[in-house]
Amino acid sequence: MKSVFHMILVLIVSSSSAANAQDFPSREQAEAALQKAVRFYRKNVGVQGGSVYRVSSDLKKREGETRVGPLEAWIEPPATGAVGMAYVHAWKLTNLPVFKEAMLETADGLIRGQLESGGWGENIEFDPDLRPRYAYRVDPRTDSKNRKYHSTFDDNKSQSSLQCLMLTDQALDFKNQQIHEAAMYALNAFVDAQYPNGAWPQRFPADAPNVENAQLKASFPDSWSRTYQKVSYSKFYTLNDNTISDLIRLMLIAHEIYQDDQWLDAAKRGGEFLLLAQLPEPQPGWAQQYNERMQPKWARKFEPPAISGLESQGAMEVLLLLYDKTGEERFLKPIPRALEYYRSIQFKDGQLARFYEMGTDKPLYFTRDYKLVYTDDDLPTHYGFKVGSKLDRLESQYKSLRSKGPSKRSLIRSVRAPKMSESLAKRTAEVIRSLDQRGAWVQDGSMKNFDGVSKVIDTRTYTRNILTLADFIAAAKK
């Protein structure tokens, strides 16, 4: 006999044919698929609460940015922290024990991967024979001087890990002391890593630059070498891959969760750095990284000192967010001129270059053998030298804030149950149909670090599908 819910669902989607309506799943079917999928992922794809990017369908090959071992997890999204945040949201939405168990396991994995420096590296090694190579907080200290101790902010690694712990802490009403302590330890370490001018480095701990004036504004160098300058760039003031923008957003989320003004103050100091880092006319954008003299510098061999098309949009986005959260007009001041400037150098197809030459606004590219050129016909494939434009959206946000004032919207995803709809029912039916007998979503795809792979289990797909099932189950309960 069909459940009352299923009969109601058929009425909701009465515009569909009767045959199609009968194919829509019941809540029980959605929950069964969910249980099967989460059990399979935790046992066969993840490891002790950690995740990776993808595995081969036969489970023999695993990778993040690089190959990973059988007892190794990856940090950068869409891996461990991102999966954990999906579990937190799904548990708050459905109250299903399967999500709480997975959420707690992920938090435990992150705690076991937290370094003594307070953050996280590229990976978490759970193999007991390999863990002594890392300075994990929870492990006994050793006399080895070669343990990996430094944490990284690169590619949202430590930021996403801490955000997952904070959201888990909040979901548990701050009653799990181990999770709460790890989150507080990381938050304090992140603030300690902030430089006097409000910037953050790529990796920490790092010695603060020897500068006399923490209010020094950005400037252009008199000259710069077009030949790669191999230097240690991890302590530079780093906007690359939106590092500082991610940290400012993280501090605003911390303030929202813990209601402690020290985290808001850290976010505002980060915004103050972005105000200082806007380059002078006639190129009022931002660079990927700056030295202690507040001038753009080389990082990797394909990241020259230049005006950035990607990170500058991230800077504008977070400055708008800071105004929305604080109402402080100073965070809006750079936006109009920056928008005007980037529109003037936008390509006809709407894209922006990742790099524009200082002094000329010419787009900069690299050949496959890493020669700096003005042409885009021989680009390396591992890096985006052209990026999408957010200028329309940024301008719309700016105008809305100007006319309506700050909204002080929450940065934490709402857990309001969605309404049942034909679209949600169809997506859920497809998610259930595509689940194999083991509980895996297998799809066509290759692996970056292995040859000969044509079928993969991808973590992005897993996360998206469990959230679809959670939405359906919550809507059904509602």
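Rings of Phe, Tyr and Trp (its six-membered ring) count as a pair if their centres lie within 6.5 Å; planes under 30 degrees apart are stacked, over 60 edge-to-face, and the rest tilted. A search of the whole structure turns up 20 such aromatic pairs, and some of them feature below. This is a predicted model, where local features need pLDDT of at least 70, side-chain atom pairs count only at pLDDT 80 or more, and totals for chains, interfaces and linings use all residues. Residues are numbered from 1 along each chain as its sequence is written, and side-chain values use heavy atoms, with hydrogens and water left out.

**View 1. Y41 stacks on Y462.**
The two rings sit 3.9 Å apart, centre to centre, with 5 degrees between their planes. This pair links distant parts of the chain: Y41 belongs to helix α3 (residues 27-45) and Y462 to helix α14 (residues 459-477), 421 residues apart. Helices (H or I, at least four residues) and strands (E, at least two) are DSSP runs, numbered from the N terminus. Both Y41 and Y462 are buried; buried means under 20% relative accessible area, exposed over 50%, and partly exposed in between (1.4 Å probe, protein chains only).

F153 comes from the loop between β5 (151-152) and α6 (157-171), while F204 is in strand β6 (residues 203-204), 51 residues apart. F153 is buried because its relative accessibility is 0%, and F204, with a relative accessible area of 2%, is buried too. The peptide bond from F204 to P205 is cis, with omega near 0 degrees. P205 itself is in the loop between β6 and β7 (237-238).

Q159 is part of helix α6. Is Q159 buried or exposed? At 1% relative accessibility, it counts as buried. Contact means heavy atoms within 4.5 Å. Setting aside neighbours within four places in sequence, Q159 touches T152, F153, F190, T243, D246, L247 and L250.

**View 2. F99 in the largest nonpolar core.**
A nonpolar core is a set of buried Ala, Val, Leu, Ile, Met, Phe, Trp, Tyr and Cys residues joined through side-chain atoms within 4.5 Å. The largest one has 134 residues, and F99 is among those with the most contacts inside it, along with M166, F190, F273, L274, W286 and Y290. Beyond neighbours within four places in sequence, F99 is in contact with L34, V38, Y87, A90, W91, T94, I466 and A470. Apart from this core lies another, of eleven residues, including F355, Y365, F366 and Y383.

**View 3. An aromatic cluster, and two charges over rings.**
Y228, W298, F302, F355, F366, Y370, Y383 and F385 make up one aromatic cluster. A charge sits over a ring if NZ of Lys or CZ of Arg is within 6 Å of the ring centre and within 35 degrees of the ring normal. R137 places its charged end over the ring of Y185, 3.5 Å from the centre. K386 lies over the face of F347, at 5.2 Å from the ring centre.

α4 has 15 residues and spans 21 Å from its first C-alpha to its last, close to the 21 Å expected at 1.5 Å a residue; the expected span is 1.5 Å times one less than the number of residues. Of its 15 residues, 13 are buried, so α4 is largely enclosed by the rest of the structure. N95 has a positive phi of about 60 degrees although it is not a glycine. With a relative accessible area of 56%, N95 is exposed.

**View 4. A word on confidence.**
pLDDT is the predictor's confidence in each residue, from 0 to 100. The protein chain averages 94, and 95% of the residues score at least 70. Over residues 14-19 the pLDDT is below 50, and this stretch has three contacts in the model beyond near neighbours in sequence.
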